[in-house]
Amino acid sequence: MEDVFDTTGRPPKGWMHAIFHGGPYGEDVGRCIPGPPAPELLAVPLAEGGVHTYRLWTVGSWSDPEDPIAVYNPDGPPVPPPPLTALEKRWLREGQQKEGLMSFKLAALAPDGRLACDPDAPTIEAMLAGLRHREHMLLQRLTDHDEGDWYLQVLFDEDDTYEVVHQAGTAAEREGTRSASLAAVRDAVLRWAADQPSWRTVLEGPTTGDES
């Protein structure tokens, strides 16, 4: 990427301002990048060898919407959506009761913040199929507080494999496995959502190939 800077308040045509958190560009002021739109990834060669990867976090502006500013974070581990807290669970239950609906037992959280209550199979399948690299989806059982959090978390990794992590109860017992088969992961997730103990066996087969 060219070293294009601007301190006048308006970048050259075809470029936009950017802020970088950490990494080799962390101290740069007025650095511009190609855009808009801002690229999702920026790879910066390091003087000592190798590459530092920045990922787009958000795009905003200080005061002028015609002068968008891209904000980049250094590459890091994918961050899953946090499970619903006890207070959030209570609010959801109370909302259901006010609308005359039965209390739900399962919540599905998508990477974009969408929440589905007692999702059916097509909804779960659509969330899973819509995952992009480094994105999670989370299925959480709406248990009582003293039962702890029971959830199934799926990460679609950059090597096109799926990491499935299960947490059970207050002891925070976590177990994880990895599969390259979307079909196997989909089957396991749907079985877990239906509270079928056989969900684990679906992921015990080969982890190579794509059965989707």
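Phe156 and Tyr162 are both buried in this predicted model. Their ring centres lie 4.7 Å apart and their planes meet at 20°, so the pair is stacked. The total number of aromatic pairs is five. Another of these pairs joins Phe20 and Tyr25. Here the arrangement is edge-to-face, with 5.1 Å centre to centre and 75° between the planes. Phe20 and Tyr25 are buried as well. Both belong to one aromatic cluster, together with Tyr54 and Tyr72.

Two arginines sit over aromatic rings. Arg31 lies over the face of Tyr25, 3.6 Å from the ring centre. Arg141 places its charged end over the ring of Trp192, at 3.9 Å from the centre.

Nonpolar packing was examined next. In soluble globular proteins, nonpolar side chains tend to be buried together. The largest nonpolar core holds 24 residues. Within this core, Leu128, Met137, Leu139, Val154 and Val185 touch the most other members. At least two core residues come from each of β7 (106-109), α2 (121-129), β9 (135-141), β10, β11 (162-168), α3 (182-193) and α4 (199-202). Helix α3 gives the largest share, six residues. A second core is separate and has eleven residues, among them Ile33, Ala38, Val44 and Ala70.

Arg186 is 32 residues from Val154 along the chain, and the two C-alpha atoms are separated by 9.9 Å.

At 9% relative accessibility, His17 counts as buried, because the cut-off is under 20%. Its side chain makes a polar contact of 3.1 Å with the side chain of Asp67. Leaving aside neighbours within four places in sequence, the contacts of His17 include Asp6, Gly9, Arg10 and Pro11. Gly30, Arg31 and Cys32 are also in contact with His17, as are Asp67, Pro68, Ile69 and Ala70. Arg31 lies over the face of Tyr25, and Ala70 is included in the second core.

Notes. Residues numbered from 1 in each chain as written. Predicted model: local features only at pLDDT ≥ 70, side-chain atom pairs only at ≥ 80, totals over all residues. Heavy atoms only, no water. Buried < 20%, exposed > 50% of the residue type's maximum accessible area, 1.4 Å probe, protein only. Polar contact = N/O pair within 3.5 Å; in protein donor to acceptor, adjacent residues only side chain to side chain. Contact = heavy atoms within 4.5 Å. Core = buried A, V, L, I, M, F, W, Y, C linked by side-chain atoms within 4.5 Å. Helix = DSSP H or I, 4+ residues; strand = E, 2+ residues; numbered from the N terminus. Phe/Tyr/Trp six-rings, centres within 6.5 Å; stacked < 30°, edge-to-face > 60°. Lys NZ or Arg CZ within 6 Å of the ring centre and 35° of its normal.
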